[in-house]
Every structure is written in C-alpha cells, then in structure tokens.
Amino acid sequence: MAQCEMCGAEKSSLTTTKVEGAELELCDDCADFGTEVKTESTSSASTKYSASSSSGGSSSSSSSSGGSGGSSGGRRRRDMFDQMDEIASDYDERIRAAREHDGLSREDLAKELNEKASLIGKLERGDILPSDDVKAKLEKRLGISLSEGSGDDDASWDSDSSMTQTLGDVVERKSE
C-alpha cells in the first residue's frame with residue numbers, strides 16, 4: 001500500500017499529479033487539486049505540440065476539465081509552471097559583476113536597455129525580481145544567464161526513507 005503525499009491516506013494505487021509545479025503521488029480525492037502527469041510512451045511519435053489525438057476520433061468531450069478521470073486519452077491541461085524559468089538566487093550578483101566587467105555604470109546600462117537607472121540599482125541590490133522583458137534584455141546585453149541552473153539543488157530533494165511527513169500532515173484542509 002502506498003501513501004498519498006498530500007493527505008497521507010493509504011491507497012492501493014496513486015496518480016502522479018502536478019500541483020503548483022510539484023509532482024506528487026496522490027490518491028483520487030487529492031488528485032483534483034492538480035493536473036495528472038501523463039508519461040509519454042516510447043512508441044508514440046507525437047510531440048508536445050501535436051494537435052491531433054492518436055485515437056483518430058473526435059475528442060471534444062474528452063477535453064473537458066469537469067472530471068478527474070484522466071483516462072480519456074485527451075490532452076493534459078497545461079500547468080503555468082511548465083513554462084516558467086526560475087530566476088537564479090544570485091541574479092543580483094550576476095548582473096552587477098557583468099555590468100562592472102563591461103565597464104558600464106548603472107546609468108549607461110539603463111540607457112542601452114531603455115530602462116531607468118533606479119531599476120538597475122534595485123535589481124543589483126536584490127530588491128526586486130526582473131520582469132521577463134528586462135531579464136531578456138539583461139541576458140542579451142551582458143551575455144549572462146539569469147535562470148537557475150539545474151542539478152545541485154535537486155539533490156537535496158531526493159527521497160529520504162526517514163521522512164514520513166506528508167503535505168496532509170502540515171496543511172489543514174477547510175471543511176466545506
């Protein structure tokens with residue numbers, strides 16, 4: 001018997017579900033809080049951008065989001081976190097170091113990017129996060145990446161057999 005990572009219930013089968021960017025093994029009751037993660041089979045030739053279903057029939061009824069069945073073969077709902085790049089924790093240091101390396105003042109960099117010098121100052125102090133537009137401008141002009149690199153941080157999230165708490169142990173669900 002497996003344990004639901006949200007409510008802690010012992011169930012014979014769990015569904016891999018993405019809830020706010022995290023993939024969790026959830027029971028049927030808790031799976032309603034996210035989107036089911038479909039694993040792609042190796043025999044399928046479709047891409048994530050393909051518009052047609054492999055069933056060949058009309059799939060207008062299977063794309064409704066009313067139920068949590070997920071076994072209809074329809075397309076998986078897109079999660080907003082699928083498309084997000086995580087900003088590096090040291091983005092402020094990267095911006096300042098690259099600007100200084102190029103011999104630019106904050107005002108000069110701001111002029112080149114068509115932004116305000118105060119914005120550059122706030123970014124370098126870590127007071128605010130860059131918008132997608134400003135992030136793209138900075139990366140292009142300074143030749144840096146402000147996205148978090150994958151790898152090292154993921155190692156700390158590996159499962160540990162001594163960890164028995166679930167989200168259900170921490171979060172209290174409101175009764176309706």
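This is a predicted model: local features need pLDDT of at least 70, side-chain atom pairs count only at pLDDT 80 or more; totals for chains, interfaces and linings use all residues.
1. Contact means heavy atoms within 4.5 Å. Buried means under 20% relative accessible area, exposed means over 50%, and partly exposed lies in between (1.4 Å probe, protein chains only).

2. Residues are numbered from 1 along each chain as its sequence is written, and side-chain values use heavy atoms, with hydrogens and water left out.

3. Now the overall plan. The chain has 6 helices and 5 strands. Helices (H or I, at least four residues) and strands (E, at least two) are DSSP runs, numbered from the N terminus. In order from the N terminus, the elements run β-β-β-β-β-α-α-α-α-α-α. The chain has 176 residues, and 23% of them count as buried. Take the contacts with a separation of 6 or more: residues 24 or more positions apart account for 49% of them.

4. Next, the sheet. Three strands form an open sheet in the order β4-β3-β5, and the pairing is antiparallel. Two strands pair if DSSP finds at least two bridges between them. The edges are β4 (22-26) and β5 (35-36); each has a single partner strand, so one side of each is left without a neighbour in the sheet.

5. Look at one pair in that sheet. Strand β3 (residues 15-19) pairs with β4 in the antiparallel sense, over 5 bridges. K18 stands opposite E23 in β4. T16 has E25 of β4 as its bridge partner. In general, side chains in a regular strand alternate between the two faces of the sheet.

6. What lies between β3 and β4? The two strands form a hairpin with 2 residues between them. E20 is in this loop. E20 has a positive phi of about 50 degrees, although it is not a glycine. It is exposed, with a relative accessible area of 68%.

7. Now the helix pairs. Two packed helices are described by the angle between their axes and the distance between the axes. Here, axes are lines fitted to C-alpha atoms, for helices over the stretch in contact, and angles run from 0 to 180 degrees between N-to-C directions. Angles under 35 degrees count as roughly parallel, over 145 as roughly antiparallel, 65 to 115 as roughly perpendicular and the rest as oblique.

8. How do α2 and α3 cross? The axes of α2 (residues 106-113) and α3 (residues 117-125) come within 8 Å and cross at roughly 115 degrees. That makes α2 roughly perpendicular to α3. The crossing is right-handed. A crossing is right-handed if the near helix is turned clockwise from the far one by less than a right angle, and left-handed if anticlockwise. R106, E107, L109, A110 and L113 of α2 make the contact with A117, I120, G121, E124 and R125 of α3. By class, this contact has 5 nonpolar, 1 polar and 4 charged residues. Ala, Val, Leu, Ile, Met, Phe, Trp, Tyr, Cys and Pro count as nonpolar, Asp, Glu, Lys and Arg as charged, and the others, Gly among them, as polar.

9. The second pair is α1 and α3. The axes of α1 (residues 91-101) and α3 come within 6 Å and cross at roughly 125 degrees. That makes α1 oblique to α3. Y91, D92, I95, R96 and R99 in α1 meet L123, E124 and R125 in α3. By class, the contact of α1 with α3 has 3 nonpolar, no polar and 5 charged residues.

10. N114 sits in the loop between α2 and α3. Its phi is positive, near 60 degrees, in a residue other than glycine. N114 counts as exposed, at 66% relative accessibility. After α3 comes G126, with a positive phi near 80 degrees. Within α3 itself lies S118, which is partly exposed, with a relative accessible area of 44%. S118 and E107 are 11 residues apart in sequence and 8.4 Å apart in space, C-alpha to C-alpha.

11. Last, V170. It lies in helix α6 (residues 167-170). Is V170 buried or exposed? V170 is exposed, with a relative accessible area of 58%. The C-alpha atoms of V170 and C7 are separated by 9.3 Å, while the two residues are 163 apart along the chain.
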